[in-house]
Amino acid sequence: MKKLSPKHATLLILIALIAIAPWFFPSSYYLRVGSLVFVNSLAVVGIVILTGFVGQISLGHAGFIGIGAYACALAPKHFGISVLSAAVLGALISGVLAWLVGRPILRLKGYYLSVATLGFGVLISMVLTNEAWLTGGPDGIVVADPGLRALLKEWGLNLSNAEFWYAFSGIALVIGAAIALNLQYSATGRALRALHGSEVAARTVGVDVARFKLRGFVISAIYASFAGSILAMQNRFVTPDVAGFMHSIEIVTMAVLGGAASVLGAVFGATLLTALPQVLTFLQEYEQIVLGLIMMLVMIFMREGVLPSLSQKLRGRG
């Protein structure tokens, strides 16, 4: 029997986990948590492409999440297009904006790059907060129903709201993971990963460093935008917090905890930081302390991320 490639094995594991998990959920509330895990995972996969493949760090990616979310709220209201079309429009705007902003920003290195991306994210958050005449300001804005559940009901598939968004966000994650894995094992992916090792060495073998760094930044921005759009459609409401600085930090932390160079690690990190606070609620006021302690221990003893570190140990035993 032909051995599965790492790409196909990762996708099969992901699909199996998404399909099997609901059988162990005691209530529909956990379907809601699961769909939130998938949305966060989609954004984190974009960070994996930028940080794990290219070796660049962005502290402003929540800005692109905000663009995708607000596109779903504003475009149907002002331009009369469908919410799904608005999600595609938001991704296009995010991609173009990432290309325009990335050209000067990606010339920077180290903490200069981090500060520049942070400034971009703060700027987007400020616009969404202050331009209340358009965005609703801090009070937020309602997002129209995309009508997909009603369409499925007409076709004889009657799903609850929680079931539908679990399935929808899970399918979106599988598609996003498949694209990222195809990219990882393609010629473009090898060029992107060469940058992570050494830009000088990559340039020596003919890799256009500036072009590939920009390409990775644009792709990761599109992932973030689609994640924001799905989150907005699912919640039917969006506030500027979705583009806030802390959201950017959460997304990067998820990638680092799970494994910044692993697509499956991205899903693991997103699951850990999204679901763990739900598990630690019994600790009440000590919840944040315990969560912070767990994160510190992971970074000290599992520097490559939880999933890659466990995988290395298991292979070492084998």
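Trainee: What is the relative accessible area of Thr117, and is the residue buried or exposed?
Mentor: This is a predicted model, in which local features need pLDDT of at least 70 and side-chain atom pairs count only at pLDDT 80 or more, while totals for chains, interfaces and linings use all residues. Residues are numbered from 1 along each chain as its sequence is written, and side-chain values use heavy atoms, with hydrogens and water left out. Buried means under 20% relative accessible area, exposed over 50%, and partly exposed in between, with a 1.4 Å probe and protein chains only. Thr117 falls in the buried class, and its relative accessible area is 2%.

Trainee: Which residue has its backbone nitrogen 3.0 Å from a polar atom of the side chain of Thr117?
Mentor: Not counting residues up to four places away in sequence, Thr117 touches Ile57, Ser58, Leu59, Gly60 and Ile105, where contact means heavy atoms within 4.5 Å. Among these residues is the one that supplies the backbone nitrogen at 3.0 Å, namely Leu59.

Trainee: In which helix does Thr117 lie?
Mentor: Helices (DSSP runs of H or I, at least four residues) and strands (runs of E, at least two) are numbered from the N terminus. Thr117 belongs to helix H5.

Trainee: How wide an arc around the axis do the buried residues of H5 cover?
Mentor: The buried residues of H5 are Leu113, Ser114, Thr117, Phe120, Gly121, Ile124, Ser125 and Leu128. The arc is that of the directions from the helix axis to the C-beta atoms. These residues lie on the same side of H5, because the arc they cover is only 130°.

Trainee: Which helices do the buried residues of H5 pack against?
Mentor: The face of H5 turned away from its buried side carries the exposed residues Tyr111, Tyr112, Val115, Leu123 and Asn130. The buried residues, in turn, pack against H3, helix H4 (83-105) and helix H6 (132-135).

Trainee: On which residue is the kink in H3 centred?
Mentor: The bend at a residue is the angle between axes fitted to the seven residues ending there and the seven starting there. H3 is mostly covered, with 15 of its 18 residues buried. Its kink is about 35°, centred on Ala71.

Trainee: Which residues is Thr274 in contact with, leaving aside its neighbours within four places in sequence?
Mentor: Thr274 has its place in helix H13 (residues 263-279). Its relative accessible area is 8%, so it is buried. With those neighbours set aside, its contacts are Val33, Leu36, Val37, Asn40 and Met254.

Trainee: What is the radius of gyration of the chain?
Mentor: The chain has 15 helices and two strands. The radius of gyration is taken over C-alpha atoms, and the globule rule is 2.2 Å times the number of residues to the power 0.38. The rule gives 20 Å for 318 residues, so the chain is as compact as a globular protein of that length, its radius of gyration being close to that at 20 Å.

Trainee: What share of the contacts with a separation of 6 or more comes from residues 24 or more positions apart?
Mentor: Of the 318 residues of the chain, 48% count as buried. Among the contacts with a separation of 6 or more, the share from residues 24 or more positions apart is 76%.

Technical notes: A polar contact is a pair of N or O atoms within 3.5 Å; within protein, one must be able to donate a hydrogen and the other to accept it, and residues adjacent in sequence count only if both atoms are side-chain atoms.
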